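Keep the structure open while you read.

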Amino acid sequence: MKTETRLLELTSDVVFKAFMMSENTKGYKARLIHLITGLEEEKLLEAEYVSKEYPVSHKKDKVYKSDIVVRVENNILNIEMNASYYSGIFDKNHTYMNKIRSESFDRGDDYLEIEKVIQINIDNFSHYKGNKIIYKFTMREENSGELECENIESYHIDLENLKKVCYTNSEVNELEKYLKMFIAKEESELENLRSDENMNDAINELEKISKDDKIIGLYDAEAVERKVRNTQIKGATLEGRREEKLEIAKKLKDDGVSIKKIMEYTSLTDEDIDSL
């Protein structure tokens with residue numbers, strides 16, 4: 001009997017980046033992004049995928065590392081894996097989008113040449129109330145619906161709602177099938193998704209990643225770090241030395257947790273947290 005390999009979940013930051021940066025998944029990525037945004041699939045097949053670190057403008061600024069950045073024609077895509085919800089996560093996502101947009105302004109000779117910034121957020125939780133799998137956000141006037149800016153667009157993929165849809169419906173559409181890669185927890189679940197060449201290549205790559213000792217080590221370390229962070233948040237609410245609270249507050253701040261929440265967890269003042 002074949003022993004089933006432990007499947008490393010695509011919602012892990014480590015696994016997600018390894019998967020998205022692989023040449024073996026380019027067909028899957030091009031099709032998935034096309035299904036979400038409508039961008040031309042053939043152009044996406046030629047696109048370069050990079051994991052981007054943005055320069056800081058001040059020595060106290062944190063370093064921003066986006067998950068995946070893709071350039072295709074006059075568009076820049078920022079693809080973010082939001083593995084879990086915490087206060088400030090969407091502010092963090094917006095910061096990445098603004099960093100990319102700022103770089104685009106710096107490169108262009110005039111405002112007519114500014115690239116369109118599209119952010120795709122893959123959320124491993126439900127946040128919005130539309131009971132949908134995909135949400136699209138643009139800058140529109142509240143009443144008339146007129147578009148103020150055509151060069152900013154963001155999408156949120158609700159994986160929690162996808163789980164509900166897949167549980168209640170035996171048949172799923174193409175986008176839902178492609179996204180099911182992100183909620184698979186067992187190798188047998190992946191095997192049931194095999195169909196076209198793009199999906200087969202993507203499944204083979206995720207199975208390959210799941211057997212990579214280096215990635216397994218990073219994956220396990222990521223899980224431990226997440227537990228430590230959760231423990232720190234809980235521990236910060238207890239009485240402790242000021243130095244310990246400041247150290248915890250700095251780590252939470254670097255993770256993008258809002259100052260209001262850090263104050264709640266640690267009882268520190270906003271001045272204390274601002275100084276970190």
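Q: What volume does the largest cavity have?
A: This is a predicted model, where local features need pLDDT of at least 70, side-chain atom pairs count only at pLDDT 80 or more, and totals for chains, interfaces and linings use all residues. Residues are numbered from 1 along each chain as its sequence is written, and side-chain values use heavy atoms, with hydrogens and water left out. On a 1 Å grid over the protein atoms alone, a cavity is a set of points where a 1.4 Å probe fits but cannot get out; points are joined across faces, edges and corners, and a volume is the space filled by probe spheres set on them. For the largest cavity this gives about 60 Å³.

Q: Which element gives the largest share of the lining of the largest cavity?
A: Lining residues have an atom within 4 Å of a point. Here they are M20, L32, I33, I36, I79, I120, I122 and F182. The largest share, three residues, comes from α2.

Q: How many residues of that lining are nonpolar?
A: Ala, Val, Leu, Ile, Met, Phe, Trp, Tyr, Cys and Pro count as nonpolar, Asp, Glu, Lys and Arg as charged, and the others, Gly among them, as polar. The lining has no polar and no charged residues. Its nonpolar count is eight.

Q: How are α10 and α11 oriented to each other?
A: Axes are lines fitted to C-alpha atoms, for helices over the stretch in contact, and angles run from 0 to 180 degrees between N-to-C directions. Helix α10 (residues 242–254) and helix α11 (residues 259–266) have axes 10 Å apart, at an angle of about 150 degrees. Angles under 35 degrees count as roughly parallel, over 145 as roughly antiparallel, 65 to 115 as roughly perpendicular and the rest as oblique. So α10 and α11 are roughly antiparallel.

Q: Which residues of α11 meet α10?
A: Contact means heavy atoms within 4.5 Å. From α10 come K245, A249, L252 and K253. Their partners in α11 are I262, Y265 and T266.

Q: Which hand does the crossing of α2 and α8 have?
A: The axes of α2 and α8 lie 7 Å apart, at about 120 degrees. That makes α2 oblique to α8. A crossing is left-handed if the near helix is turned anticlockwise from the far one by less than a right angle, and right-handed if clockwise. This crossing is left-handed.

Q: Which residues of α8 meet α1?
A: Helix α1 (residues 13–20) and helix α8 (residues 197–209) cross at roughly 135 degrees. On the α1 side are V15, A18 and F19. On the α8 side are A202, E205, L206 and I209.

How values were computed
Helices (H or I, at least four residues) and strands (E, at least two) are DSSP runs, numbered from the N terminus. On a 1 Å grid over the protein atoms alone, a cavity is a set of points where a 1.4 Å probe fits but cannot get out, and a pocket is an open set with protein on both sides within 12 Å along at least five of seven lines; lining residues have an atom within 4 Å of a point.
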